[in-house]
Amino acid sequence: MYARKVGEQTLTLGVSGNLWKDVLVLYDRETDSLWTQLSGDAIDGPLVGKSLQEIPSEVSTWAEWKARHPNTVVLKKSVPVGPGYLGYASDPDMLGMFGSKNPDQRLGGKEMIYGVRLPGGAALAVVESYLEEKGGIVASVGGSSLLITGSAAGGVVAYRLPQGVAAAAMQQDGTWKLADGSSVEPSTGNVVGGPRQGETLERLPVTRAYWFAWASFYPRSEVVGKE
Amino acid sequence: MKLPALSHALLLAVVVSPVAAQVFDPKSLPKKDIKGSPMYIVLPRDEIPAVFEPEFLHGEAADAQMEPHEPVLGVFDGVTARAYSLWQLDHHEVVNDMLGDVPIAATW
């Protein structure tokens, strides 16, 4: 999910039909610049070098999302769509359309990860199965400590912990207790108790991706949850 | 965000012949070098149809269109909640929408 305004210019995005480093390339109608779907960066055209700002979003089920947001709208379907794809996801040897190589052997190419990118450029990938097993983790990257955990929605959320706070533990009621005694509600990032009550943690967008694709974009990414 | 490489599985389905034995040769595609990696021109622009003028449903009409366990991408700005079926996003790849005053691109 991106904000599609760059400076004062609102962009209208379409699908270019191109592939670059195994990711889909979008284009904008206003300038004909090309944008990577995975990272929102302009790789060609007048706006090359610019980036679309990521907006936090979540993946959930319709039932769960509607229960939390009864007044939600949903995109109307113009064509019938259904689940299921090709056998692609289950084929460990098929990396990308053209048989890409895994650029970084720290994880298998098809290992599913949740990736978080910090504004300064540091990046972290957490192995999905590890995160599911733990329920949530705290990890350090780029001088910050991140809380990465499941939300009630079934998605994964990431928050930057306040400066100086480097640990947190999940409580029985589902909140996270930070090392400074603050209690955080994970679906919102709201601090609901303790010395920082009333504050909201800075939320960072989370990208779910195959490792080989994430690693090709963020070759210096930290990895958490490797066997 | 979606499994990024699945988006080109869609392209694969469109481009490759149903004949199972046919091998698709990427060298036959036009390409352009960008930052040291080739960008392949696989399909014409807009052959995968992004959504430019989205319409929305709410309430009972929304429920009638959706299955309870259908995966959705949801966004909430504290006031407005908007959801997009992931099955539908797989088909369109990007939806040009507004979240309050903010122009957004829903993509997975």
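**Close-up views of a predicted two-chain model**

**View 1. A:Lys21 is buried, with 23 other C-beta atoms within 10 Å.** This view, like the others here, shows a predicted model. A:Lys21 lies in the loop between E4 and E5 of chain A. Do look at its backbone: although A:Lys21 is not a glycine, its phi is positive, at about 50 degrees. Most residues other than glycine have a negative phi. The 23 other C-beta atoms within 10 Å reach the cut-off of 20 or more, so A:Lys21 counts as buried.

**View 2. In chain B, B:Lys35 also has a positive phi, near 50 degrees.** B:Lys35, again a residue other than glycine, sits in the loop that links strand E1 (31–34) to strand E2 (37–41) of chain B. Is B:Lys35 buried or exposed? B:Lys35 counts as exposed, because it has 10 C-beta neighbours inside 10 Å, and the limit for an exposed residue is 12 or fewer.

**View 3. An open sheet of four strands takes strands from chain A and chain B.** Follow the order E8(A)-E1(A)-E7(B)-E6(B), in which the pairing is antiparallel. The edges are strand E8 (53–54) of chain A and strand E6 (94–99) of chain B, each of which pairs on one side only. The step from one chain to the other is made by E1(A) and strand E7 (residues 102–107) of chain B, which run antiparallel and are joined by two bridges. Within chain B, E6(B) and E7(B) pair in the antiparallel sense over six bridges. There, B:Leu99 has B:Val102 of E7(B) as its bridge partner.

**View 4. The contact between the chains takes 59 residues from chain A and 63 residues from chain B.** Several elements of chain A give two or more residues to the side that touches chain B, including strand E1 (2–3), strand E5 (23–28), helix H1 (62–68) and strand E21 (206–210). Which element gives the most to this side of chain A? E4(A) does, with eight residues. By residue class, the side of chain A that touches chain B divides into 34 nonpolar, 16 polar and nine charged residues. For the complex, the predictor gives an ipTM of 0.82 and a pTM of 0.66.

**View 5. A:Arg160 is buried, with 20 other C-beta atoms within 10 Å.** A:Arg160 belongs to strand E15 (residues 156–160) of chain A. Leaving aside residues up to four places away in sequence, A:Arg160 touches A:Ser144, A:Leu146, A:Leu201, A:Glu202 and A:Leu204. A:Ile148 is twelve residues from A:Arg160 in sequence, and their C-alpha atoms are 8.9 Å apart. As background to this view, chain A has three helices and 22 strands, and buried residues make up 46% of its 227 residues. Among its contacts between residues at least 6 apart in sequence, 43% join residues at least 24 apart.

**View 6. Residues 1–23 of chain B have pLDDT under 50 throughout.** The model has 49 contacts beyond four places in sequence for residues 1–23 of chain B. Where pLDDT is low, the predicted coordinates should not be read in detail. Chain B averages a pLDDT of 80, and 75% of its residues score at least 70.

Technical notes. Residues numbered from 1 in each chain as written. Chains lettered and ligands numbered in written order. Predicted model: local features only at pLDDT ≥ 70, side-chain atom pairs only at ≥ 80, totals over all residues. Contact = placed C-beta atoms within 7 Å. Nonpolar A, V, L, I, M, F, W, Y, C, P; charged D, E, K, R; others polar. Pairing = 2+ DSSP bridges. pLDDT = per-residue confidence, 0-100.
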